[in-house]
Amino acid sequence: MNAAMLAAVGLSMIYIGYRFYSKFIAEKIYRLDPDFVTPAHAQRDDIDYLPTNRIVLWGHHFTAVAGAAPIIGPGIAVIWGWLPAFLWVIVGTMFFAGVHDFGAVWASVRNKAKSVGALTGDVVSPRARLLFMFVVFFLLMMVNAVFGVAIANAFQDTPSAVIPAWSAIVVAVAIGVLIYRMHVPILWPTVIGTVILYAVIYLGEAIPISLPASMLGLAPGAQWILILFLYAGIASLLPVWLLLQPRDYINGIQLLVGLGLLYGAVLIANPAIVAPAINADLPASAPPMLPLLFVTIACGAISGFHGLVGSGTTSKQLNKETDARFVGYLGSSGEGALALVAIIAATAGFASQAEWRLMYSEFGNGGLTAFVQGGAVIVSNGVGISREFAATLLTVMAVLFAGTTMDAGVRLQRYIIQEWGAIYKIPVLQNGYVATGVAVATCLLLAFGASAARGLPAGEGGMVIWPLFGTTNQLLAGLTLLVISVMLVKLGRPARYTMIPMVLITTAALAAALYQLLSLYRDGGIFYFLLWIDVIIVILAIFVLLEASSAFMRERRAAEAAAAAA
């Protein structure tokens with residue numbers, strides 16, 4: 001199999017999904033109304049609520065949901081072979097992720113931009129809302145902890161990426177001021193900002209940055225984690241127009257350029273895929289493909305985190321309800337394209353199958369490393385730039401997207417804590433600074449706690465959270481689809497387009513969670529730290545599923561009775 005053919009087939013299917021299936025969902029199921037007054041207008045405060053150009057908002061949504069997960073997950077999952085990963089990414093993008101992400105934005109916009117957790121109280125029950133919001137909070141802890149560790153590792157592995165990654169913050173603030181305060185047309189800030197972002201990559205190559213081997217007893221990885229969460233806490237309190245929107249938008253432009261470069265290099269170099277379609281010679285550490293494939297590749301196929309972004313920040317900035325299709329479904333399509341090229345880089349960027357098997361000698365290997373190394377080989381062979389520069393460029397791309405996800409993730413945690421404060425009349429939790437402090441503290445506790453559980457230096461074992469992140473992420477996606485389904489039944493609309501993906505992904509996620517429980521219990525000792533987190537999440541998810549399923553059946557019976565009476 002050659003990579004160019006795989007890319008062409010995959011991208012064609014993703015385009016067909018957006019062009020036809022999303023149009024059907026928009027017109028027949030969600031029934032978007034161009035005259036509906038969105039919360040961005042009705043509740044405008046220019047901090048969290050702000051009507052936004054749909055292209056700029058797509059950039060925010062795309063980069064906030066993309067992060068490093070659609071690179072890491074597929075880069076690990078190809079250990080089972082490229083074909084299962086390819087099929088799940090394409091089918092998941094077309095029929096799972098698009099409907100889920102699009103639906104979360106629509107449902108939130110129709111309910112005063114409430115988060116999907118708070119929305120559960122109105123659609124299902126107050127008890128379900130409380131349990132759902134706990135699941136959401138656990139997921140956000142994992143997202144932020146995992147991505148903080150991933151960025152810290154990337155900075156240590158590629159010091160030349162440090163200056164370009166932090167320069168993006170300065171560029172984003174400048175673009176925000178130019179567009180929203182000086183009212184400069186968007187074209188030139190976009191062009192100049194993108195040129196600067198690529199120019200500073202050369203500066204990063206010339207001046208690589210490394211932290212001291214030890215500071216206050218902390219290794220470089222732990223130092224980076226603290227710096228990153230300090231930044232994320234500050235960023236989550238700034239108005240969306242100053243940093244979040246322009247940073248996500250300019251990163252979205254950079255991602256498009258990066259994707260164009262990668263896919264262009266694939267078409268020019270047309271490397272052979274050296275990995276097997278189905279890997280029959282798995283290392284002993286590899287778990288069974290089913291059901292683990294569906295939680296190893298979460299982002300890039302379907303991800304509950306996307307529903308949090310869609311209902312947490314995106315819905316507060318949607319100018320017109322009809323923009324939800326462009327922002328929500330097309331955002332998930334872009335992430336599917338990123339996951340597809342990650343699969344290609346991790347299977348065609350090696351000289352031979354023997355070299356590929358060396359990379360994947362243990363389950364959990366590959367990921368971001370395989371993407372950067374394999375992608376750098378393909379770009380170097382296809383475009384002619386040096387392999388070192390290509391590696392820096394791809395690392396910067398991955399770090400920037402992981403950083404934007406941290407920005408959005410900490411902000412979403414703040415929203416949840418403030419919602420708890422409002423719901424349960426706790427004034428101190430409604431304070432933005434207090435809520436942000438709690439959010440950052442819990443993420444750091446998880447990142448450093450996982451390291452302690454593994455008996456590793458502070459921060460260095462944080463990626464052990466990844467399997468639990470994938471399971472929780474997919475459980476949350478199933479719960480979100482179920483809440484959307486209840487809304488549709490209440491409105492008298494077909495729910496099968498959300499219920500079928502909900503049943504499939506929830507079944508796979510629960511099966512994966514039970515497998516992980518047994519695995520963690522057998523490992524014992526230090527893994528009990530993760531075991532109890534997994535137990536709590538599974539119990540909470542099951543209770544929410546039962547509550548929401550009961551609400552769904554109740555509303556369907558009421559709809560059938562009303563139809564019979566009519």
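## Close-up views of a predicted model

**View 1. A nonpolar patch on the surface.** M1, M5, V9, M13, Y15, I16 and F20 together form a nonpolar surface patch with about 680 Å² of accessible area. This is a predicted model, in which local features need pLDDT of at least 70 and side-chain atom pairs count only at pLDDT 80 or more, while totals for chains, interfaces and linings use all residues. Residues are numbered from 1 along each chain as its sequence is written, and side-chain values use heavy atoms, with hydrogens and water left out. Patches are built from residues with over 30% relative accessible area and no salt bridge, joining like charges within 9 Å and nonpolar side chains (Val, Leu, Ile, Met, Phe, Trp, Tyr) within 5 Å. Accessible areas come from the Shrake-Rupley method with a 1.4 Å probe, and for residues only the protein chains shown count as cover. M1 sits in the segment before α1 (3-29), whereas M5 belongs to helix α1 itself. Helices (H or I, at least four residues) and strands (E, at least two) are DSSP runs, numbered from the N terminus. M5 is partly exposed, at 46% relative accessible area; here buried means under 20%, exposed over 50%, and partly exposed in between (1.4 Å probe, protein chains only). The C-alpha atom of M5 is separated by 8.5 Å from that of N270, 265 residues apart along the chain.

**View 2. Two mostly covered helices, α4 and α13.** In helix α4 (residues 69-77), nine of nine residues are buried. These are A69, P70, I71, I72, G73, P74, G75, I76 and A77. Helix α13 (residues 304-312) is also mostly covered, with nine of its nine residues buried: G304, F305, H306, G307, L308, V309, G310, S311 and G312. Look at the start of α13 for a side-chain oxygen of S303 that comes within 3.2 Å of the backbone nitrogen of F305. A polar contact is a pair of N or O atoms within 3.5 Å; within protein, one must be able to donate a hydrogen and the other to accept it, and residues adjacent in sequence count only if both atoms are side-chain atoms.

**View 3. S167 in helix α8.** S167 is placed in helix α8 (residues 162-180) and is buried, with a relative accessible area of 19%. Its side chain reaches the backbone oxygen of I163 at 2.7 Å. An α-helix has 3.6 residues a turn, so residues three or four places apart point the same way.

**View 4. The second largest pocket.** This pocket has a volume of about 300 Å³. Its lining counts 18 residues, of which Y49, A113, K114, S115 and E419 lie nearest the centre. Two or more lining residues come from each of α6 (116-123), α13 and α17 (387-423), and α17 gives the most, with five. On a 1 Å grid over the protein atoms alone, a cavity is a set of points where a 1.4 Å probe fits but cannot get out, and a pocket is an open set with protein on both sides within 12 Å along at least five of seven lines; lining residues have an atom within 4 Å of a point. Grid points are joined across faces, edges and corners, and a volume is the space filled by probe spheres set on the points.

**View 5. The largest cavity.** The structure holds four cavities of 30 Å³ or more, and the largest has a volume of about 110 Å³. Its 13 lining residues include W166, L228, R247, V399 and G403, which lie nearest the centre. At least two lining residues each come from α7 (126-157), α8, α10 (220-237) and α17. Helix α17 supplies the largest share, five residues.

View 6. Seven salt bridges are present, each a side-chain nitrogen of Lys or Arg within 4 Å of a carboxyl oxygen of Asp or Glu. D48 and R411 meet at 3.1 Å, N to O, with D48 in the loop between α2 (39-42) and α3 (54-66) and R411 in helix α17, 363 residues apart. E321 and R110 pair at 2.6 Å, N to O. E321 lies in the loop between α13 and α14 (323-348) and R110 in the loop between α5 (82-109) and α6, so this pair ties together parts 211 residues apart in sequence. E321 is buried, at 1% relative accessible area, while R110 is partly exposed, at 34%.
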